[in-house]
Amino acid sequence: MPVRKRRDLLALTAAAVVGVPSARAVVIKDRLPWSSDTAKPPPANEGSGWLYFTQEEAAAMEAIVDRFIPPDPETPGGKDSGCVVFIDRQLAGPFGQDEGQYRDGPFHSGTKEQGPQSAMTRALQYRQGLAALDKYSKAQFNGAGFASLPDDRKDEVLKGLENGSIKLEGIDSTQLFHAMLIDTQQGFFADPVYGGNKDMASWKMIGFPGARYDYRDWVHRHNERFPLPPVSIRDHPNWKP
């Protein structure tokens, strides 16, 4: 059997054994390999009410994100920017259940470089962590929950969680702190379609133009202020949810 035919036979046999259809390269000429305006936007996640948080959990989170990102005269803080709405929607979806992550054991405490090694999902981490935080706060501050503490006390507690000097019951306090901080940052700067960055406040603050389709006219125009306002994914005329 000629060498080329033998190779073709082996390739087809291997594809049949593993159940993979054979594929051939296609030459694309005089056209793009995609069509414009055919993508679908993610579902809008603004809405009202909480999908995952209880009212007590949401109140604590609103207090936390406003300490991470305090409001000032020019920019709203974490609460008014919708950071807790963003986190709530994420925890209610695949992110909260760690979908796409390896979820089988064994579970051991790993090094920092190895990332989370716990059986606890992100959603459960928040549920147990916020309950433990409220319990700690009431025990330390005469029955006052975290949300009702003065700002200096809130900062004191958050700093203790960050450096590990405050230990919460049944939860890794430092990991909880960093999870809340990272998720707050993402909610503040994410596209508003995901529930945070209300009115594109953070984008306006840093001058980010958002999800505009085409910047070719500006590629070589250095050190010029972009004159157009930011736009969200949902603002595309063919991407209305």
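Start by selecting Phe53: with a relative accessibility of 5%, Phe53 counts as buried. Keep in mind on this tour that you are looking at a predicted model.

Now colour the chain by secondary structure and see where the two partners sit. Phe53 is in the loop between helix 1 (3-18) and helix 2 (55-68), while Tyr126 belongs to helix 4 (residues 122-140), so the pair ties together parts that are 73 residues apart in sequence. Is Tyr126 buried or exposed? Tyr126 has 0% relative accessibility and counts as buried.

Next, bring in Trp50. Trp50 is partly exposed, and its relative accessible area is 25%.

How many aromatic pairs does the structure hold? The count is seven. One of them joins Trp50 and Phe53: the ring centres lie 6.4 Å apart and the planes meet at 70 degrees, so the pair is edge-to-face.

Trp50, Tyr52, Phe53 and Tyr126 make up one aromatic cluster.

Which part of Tyr52 does Arg127 lie over? Arg127 lies over the face of Tyr52, 4.0 Å from the ring centre.

For another view of a charge and a ring, jump to Trp218 and Arg221. Here the charged end of Arg221 sits over the ring of Trp218, at 3.9 Å from the centre of that ring.

Now zoom out and switch to a cartoon of the protein chain. You can trace seven helices and zero strands. Followed along the sequence, the pattern reads α-α-α-α-α-α-α.

With the whole chain in view, consider what is inside. The protein chain has 241 residues, and 32% of them count as buried. Among contacts in the protein chain with a separation of 6 or more, 59% come from residues 24 or more positions apart.

Methods
Residues are numbered from 1 along each chain as its sequence is written. This is a predicted model: local features need pLDDT of at least 70, side-chain atom pairs count only at pLDDT 80 or more; totals for chains, interfaces and linings use all residues. Side-chain values use heavy atoms; hydrogens and water are left out. Rings of Phe, Tyr and Trp (its six-membered ring) pair if their centres lie within 6.5 Å; planes under 30 degrees apart count as stacked, over 60 as edge-to-face and the rest as tilted. Buried means under 20% relative accessible area, exposed over 50%, partly exposed in between (1.4 Å probe, protein chains only). Helices (H or I, at least four residues) and strands (E, at least two) are DSSP runs, numbered from the N terminus. A charge sits over a ring if NZ of Lys or CZ of Arg is within 6 Å of the ring centre and within 35 degrees of the ring normal. Contact means heavy atoms within 4.5 Å.
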